[in-house]
Amino acid sequence: MAPPPPQTPTPVIPREAWEGCSVLLDINDGDRLAFFRLTPGATVKIGDKSCSLQPLLGRPFGSLFRVGPSGLVPCAATDASSQDDKPRGGGGADGQAQDETRDNRSLVDNNTAQTLSSEDIEAMKREGASGDAIVEALIANSSTFGNKTVFSQEKYKLKKQKKYAPKVLLRRPSSRSICETYFKKYPARIGFMRVDMLSLLLSMANVGAYSDVLAVDMVGGLVVGAVAERLGGTGYVCSTYLGSAPSSIDIIRMYNLSSDMTSRIFQAPLGDLCSLQSAGDAPSVLSGSIQRDLVERAAVPDESLQSSLAKPINTEVSDGNAQSISVQPINMEVPEPATDDHLNQDCKGSNGNSIAPKALRAGKAPSPERMKYWGEHGFSSLIVAAPGHEVESVVADLLPLLSYSAPFAIYHQYLQPLATCMHSLQASKMAIGLQITEPWLREYQVLPLRTHPHMQMNAFGGYILSGIRIHKPDP
């Protein structure tokens, strides 16, 4: 019996932040989310204070920091445990009994309850008082704090803590965190794709180890990065595009992919892939008017999508009860031309020079041997996320590139384009198991005596057309 093929070692992902890596900073429990690259001169502005990111080096992902007089300071484990041990609103019989005797009917917001002036607070800051000490002083000098309900007291503490003692959570950029951040701040950049939709795409396309995945990613590289992350350095992902200009996949730079994982990401035009198909296997692929129509649509995409991609986003974002915040761009530079304004702004030092090192380039052209292999064996999966293009024509030219029995998953924000594509595939008998899926996601707030769905949720996540490619019978 032949020996099994050698196994590719799984890349070890560091658990601590290192110099040059990308990080996601969660400030004040989701009020502000920002991507950064840890370079020697990288800084983050929190309130009116600019803090260096050097204290993050060597710290494990998930660490919590507070803003101290000298910058970011790691929160002690005892502080975190003491916060967890504190009774929350309504938690326990004693808290309920005390809460029943108090209400907020007699409270009047006339700015006279607080005896601590702004000059006193500035004096405490100059003396080096921590943010927690300022919050405690505000509570001690409030004449109405003791008359408030437990729930109102917690809201008051949280509001003052966000202003005077902000917390910073160090998060690892992953498919989930990147998708959630983009969906919260600027969803048009990723085609309004929700995180549950992204997970369904990977599942329905059967993306796994040693897969050869063909992807049409016109959502900034989110899909290609998620596929490469799941492959884990095994298999390949080819991002194809229509026309002569490749689609932007700048989001891949945030994933902290290893060099081996990045080397397995390719970009190739759809015409080159289709030219490898034999005449008997895939007749009339990208020929005549279809090819011209695809090139024209690639040059002039949907107007709404084109306007959202061409204009730089407004970086001033307001989150509910939080104040207006500024979303910081990721501090990176790459050798290819810049396409996304909010991603390609370099981090500048005091002298104006760029201090961000060059990131590894993903999306090189595949080798002739790899192209020949794909032409003979086909791809094992197909994922399409092209909101600005006609799905029916694109899928008709992509399916012949798959091997038989290969699954595919197509995402679109609206139902009608997928319904038309599904009818076309049923009529041409190119696929079986066709179904259109709409995901449903509900987020709950879980707190003592007040567990309920969030008051503001996104009720729409788009649609997925999935199926399995089969051999088209001869007429």
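1. Let's start with D132, which counts as partly exposed at 36% relative accessibility (buried is under 20% relative accessible area, exposed over 50%, partly exposed in between, with a 1.4 Å probe and protein chains only). Before going on: this is a predicted model, where local features need pLDDT of at least 70 and side-chain atom pairs count only at pLDDT 80 or more, while totals for chains, interfaces and linings use all residues. Residues are numbered from 1 along each chain as its sequence is written, and side-chain values use heavy atoms, with hydrogens and water left out.

2. D132 sits in helix 4, residues 131-140 (helices are DSSP runs of H or I with at least four residues, strands are E runs of at least two, and both are numbered from the N terminus). Setting aside neighbours within four places in sequence, D132 is in contact with A165 and K167 (contact means heavy atoms within 4.5 Å). As for K157, D132 is 25 residues from it in sequence and 10.0 Å from it in space, C-alpha to C-alpha.

3. Now to D120, found in helix 3, which covers residues 118-126. Its relative accessible area is 35%, so D120 is partly exposed.

4. Next, have a look at G243, in the loop that runs between strand 9 (236-241) and helix 9 (259-262). G243 is partly exposed too, with a relative accessible area of 28%. Along the chain, G243 and L270 are 27 residues apart, and their C-alpha atoms are separated by 7.8 Å.
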